[in-house]
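Hi,

Here is the model I said I would pass on.

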Amino acid sequence: MSNEERSKTLERSPVTPLAEFLREVDGGPVFFGFLIAVAGYMFVTAAGFTASARLFPRLAAGTVLVAGALRLAVTRLNIGVERSESVVLSGGQSEANDDEEASLESMLVLGFLIAGYVLGGFLVGLFWLTPPFVFLYLLYNRQPLWRTALLTAVMTGVAYGFMTLMNLDLLTGGF
């Protein structure tokens with residue numbers, strides 16, 4: 001069947017209006033709304049669990065809800081972070097070779113940092129590797145030094161809080 005015959009078949013299909021609608025809808029806000037709805041549902045329904053069993057679902061849902069609120073603040077109130085480079089890690093096709101090279105370089109650097117974080121965390125503990133990982137990642141993305149220092153401190157606090165609330169040993173490695 002040729003491309004022309006396929007396009008005519010698609011035009012006559014009863015799902016064509018739905019397909020056209022889905023092509024025009026921006027999936028980002030839809031997915032964001034779905035995540036917020038699932039997180040809200042998870043947070044509320046975790047109340048039926050025992051105290052120890054409800055801790056993780058509530059922490060996970062609470063994290064998503066807080067991140068969602070921060071995202072809304074950044075996008076709707078026009079406050080927030082300026083991006084130093086546009087990197088799309090979704091596998092979409094780039095039109096310019098420079099964009100492809102920048103994206104490939106960013107993915108390689110991020111992969112190297114994550115591999116170092118995981119392997120170093122196995123050796124000495126994830127808690128100790130969190131500040132250097134965040135610091136190096138933000139420096140690579142050319143964030144201002146004040147923002148890099150602030151976010152490094154915040155993420156260290158988040159790691160400490162996670163370790164304390166979940167009663168996990170992130171201070172020691174696998175050896």
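Which ring does the charged end of Arg-58 sit over? The ring is that of Phe-43, and the charged end of Arg-58 is 4.7 Å from its centre. By the rule used here, a charge sits over a ring if NZ of Lys or CZ of Arg is within 6 Å of the ring centre and within 35 degrees of the ring normal.

Some ground rules before the rest. This is a predicted model, where local features need pLDDT of at least 70, side-chain atom pairs count only at pLDDT 80 or more, and totals for chains, interfaces and linings use all residues. Residues are numbered from 1 along each chain as its sequence is written, and side-chain values use heavy atoms, with hydrogens and water left out.

Overall layout: the protein has seven helices and zero strands, so helices and strands here being DSSP runs (H or I, at least four residues, for helices; E, at least two, for strands), numbered from the N terminus. Along the sequence that reads α-α-α-α-α-α-α. Of the 175 residues, 17% are buried. Buried stands for under 20% relative accessible area, exposed for over 50%, and partly exposed for anything in between (1.4 Å probe, protein chains only).

Helix α4 covers residues 51-76, which is 26 residues. From first C-alpha to last it reaches 36 Å, close to the 38 Å expected at 1.5 Å a residue; the expected span is 1.5 Å times one less than the number of residues. Its buried residues are Pro-57, Ala-61, Gly-62 and Gly-68. Thr-63 is also in α4, but Thr-63 is exposed because its relative accessible area is 54%. Thr-63 and Ala-39 sit 24 residues apart in sequence and 8.8 Å apart in space, C-alpha to C-alpha.

On the surface there is a nonpolar patch made of Phe-31, Phe-34, Leu-35, Val-38 and Val-64, with about 440 Å² of accessible area together. Areas come from the Shrake-Rupley method with a 1.4 Å probe, and for residues only the protein chains shown count as cover. Patch members have over 30% relative accessible area and no salt bridge; like charges are joined within 9 Å, and nonpolar side chains (Val, Leu, Ile, Met, Phe, Trp, Tyr) within 5 Å. Helix α3 (residues 27-45) gives the largest share of the patch, four residues. Val-38 lies in α3 and is partly exposed, at 38% relative accessible area.

Now the aromatics. The structure holds three aromatic pairs. One of them is Phe-127 with Trp-128, edge-to-face at 5.3 Å centre to centre and 75° between the planes. The pairing rule: rings of Phe, Tyr and Trp (its six-membered ring) pair if their centres lie within 6.5 Å, with planes under 30 degrees apart stacked, over 60 edge-to-face and the rest tilted. Phe-127 counts as buried because its relative accessibility is 11%, while Trp-128 is partly exposed at 48%. Together with Tyr-160, Phe-127 and Trp-128 form one aromatic cluster.

Pro-131 is in α6 and is partly exposed, at 23% relative accessibility; its C-alpha is 5.6 Å from that of Thr-152, 21 residues away along the chain.

Arg-142 has a positive phi of about 60° although it is not a glycine. Arg-142 is found in the loop between α6 (126-140) and α7 (145-165), and is exposed, with a relative accessible area of 59%.

Cheers

Definitions and conventions:
Salt bridge = Lys/Arg side-chain N within 4 Å of Asp/Glu carboxyl O.
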